[in-house]
Amino acid sequence: MSRILPQAANAGAEVDADELFRLRLLVRHIPERGLAPTGRPGGFAGKRRGNGLEIVDVRPFSEGDDIRHVDAAATARTGRTHVRTFRDEREKTALLVADFRPSMLWGTSGRLRSVAAATALALAGWRVIEAGGRVGVFAIGAGAPLYVAPRGRERGMAAVAGGLARAHAGAMEAAAAGRRSDPALSTALEGAVSLVPRDGTLFLATGLDEPGAAFDPLVAALRRRARLVALLVRDRFETAPPRGAYPYLTGAGSTLRWAFVTDRERSVATPDPRLERLERLGAEVRVVDADADPEAMAQSLAELSKGFDAGRS
C-alpha cells in the first residue's frame, strides 16, 4: 500500500496528537467488512437483552409501548402520557487502555513500543467512531493514570488523541527523572476495569511486562462483563534478536549482566508465552509489530470493529 500519511520527524519517540487524528484517513481507506453471521451488516447472531441506557427521544404513548418507559416529567408537563425511547449503545462504547509504563519506553527498529501502542489504539478508536460508537482513553504509567471519558464523533477522538499525547509525554518525563520501575499491570488496570460499561469493549495495548499476580483473575472478572481486545506490542528484538552480546541491568539497576544470542538460539522458534497467556484468558489478541508503519497496522487491525458496525453509515 502506498503511504498516504506524512511521517513526522519525531514519529519514533513521541506521540503526536495531530498524527493520531489524521489516522482516520487510513481507517476510511480500509474496505468495508463483509456481512455478519446474521446476513446483515453489523447483525448479532443472538438476541441481546435490555433496552440500552441512552435516551434517544421522548414521544407520546402509543399502543404497544412498554408502560415501564413512561416519562413522568413529560407526562405531567403536557397532560398526555409520554414514553422514553432508548437506544442500545453499550456495545458501542470502548475504552482504550495504553500501557506507558517504563518497560514500554524502548525500541530498536525506529519506534518505541509505547508509540506503536498509541498508534494501534488510535486506529482502533477510529474504527469505533466510524461505526457510530463512543471512545475514551485510560493511560497508565509510573504515576497516576490519565482518563478521558468516552465521547463520540471527531470531538471524542480529538480528546483521545490529545490524552494519549499528554500521557506519553508525562511518561517520558518521569523516566528521564529516574522513575523507571514498573508498577504491576494488574494494579494499574484495576481502575480501568470499573470504567468499562457492561457489554462494552476494552482495548489494551501492552507488551505484558510485569503483569502482576492478580492479572489473570482481573482479566477473568473483566471478561464476565465486557469484551477484551489485547494489542500485544512486540519489538523486533524480542522475536528476532541479532547475534551478539547485550548488557542489561537487573532489579532496580544495581547489577549489570550480559545476555548472549548465538546463531543456534536465533534459529529456534519458540511460542510467545504472552500471546498464549492472553488467548488462554479469553482475550481477542492482535499482535502489533512496533516497527510496522501505520498503513500496515490499519490492515492488520481491520477486524477490530467487530460488534461496532451496526451503527456505521
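Biologist: How many helices and strands does the protein chain have?

Modeller: The protein chain has 11 helices and 10 strands. Helices (H or I, at least four residues) and strands (E, at least two) are DSSP runs, numbered from the N terminus. The model is predicted: local features need pLDDT of at least 70, side-chain atom pairs count only at pLDDT 80 or more, and totals for chains, interfaces and linings use all residues. Residues are numbered from 1 along each chain as its sequence is written, and side-chain values use heavy atoms, with hydrogens and water left out.

Biologist: What percentage of the residues in the protein chain is buried?

Modeller: Buried means under 20% relative accessible area, exposed over 50%, and partly exposed in between (1.4 Å probe, protein chains only). Of the 313 residues in the protein chain, 44% are buried. The chain exposes about 16,200 Å², and carbon and sulfur atoms supply 51% of that area. Accessible areas come from the Shrake-Rupley method with a 1.4 Å probe; for residues, only the protein chains shown count as cover.

Biologist: How many salt bridges does the structure hold?

Modeller: Side chains of opposite charge can pair when their charged atoms come close. A salt bridge is a side-chain nitrogen of Lys or Arg within 4 Å of a carboxyl oxygen of Asp or Glu. The structure holds 14 salt bridges. One of them joins Glu-154 to Arg-24, with the closest N and O atoms 2.6 Å apart. Glu-154 lies in helix α5 (residues 153-176) and Arg-24 in helix α2 (residues 24-29), so this pair ties together parts that are 130 residues apart in sequence. Glu-154 is partly exposed at 36% relative accessible area, whereas Arg-24 counts as buried at 14%.

Biologist: Which residue forms a salt bridge with Arg-84?

Modeller: The partner of Arg-84 is Asp-71, the closest N and O atoms being 2.7 Å apart. Because Arg-84 lies in strand β2 (residues 82-87) and Asp-71 in the loop between β1 (54-60) and α3 (72-78), the pair ties together parts that are 13 residues apart in sequence. Arg-84 is partly exposed, with a relative accessible area of 35%, while Asp-71 is buried at 8%.

Biologist: Where do Asp-291 and Arg-236 lie?

Modeller: These two side chains, Asp-291 and Arg-236, meet in a salt bridge (2.6 Å, N to O). Asp-291 lies in the loop between β10 (284-289) and α11 (294-300), and Arg-236 in helix α8 (residues 236-239), so the pair ties together parts that are 55 residues apart in sequence. Asp-291 is partly exposed at 27% relative accessible area, and Arg-236 counts as partly exposed at 47%.

Biologist: Which residues are linked in a network of salt bridges?

Modeller: The network links Arg-113, Asp-209, Arg-234, Glu-238, Asp-272 and Arg-274.

Biologist: How do strands β4 and β5 run, parallel or antiparallel?

Modeller: Two strands pair if DSSP finds at least two bridges between them. Strand β4 (residues 134-140) and strand β5 (residues 146-152) run antiparallel and are joined by 5 bridges. In β5, Tyr-147 is the bridge partner of Phe-138. The two strands, β4 and β5, form a hairpin with 5 residues between them.

Biologist: Which residues make the nonpolar surface patch of about 380 Å²?

Modeller: Patches are made of residues with over 30% relative accessible area and no salt bridge: like charges are joined within 9 Å, nonpolar side chains (Val, Leu, Ile, Met, Phe, Trp, Tyr) within 5 Å. Here Leu-256, Trp-258 and Phe-260 make the patch. Trp-258 lies in strand β9 (residues 255-261) and counts as partly exposed at 48% relative accessibility.
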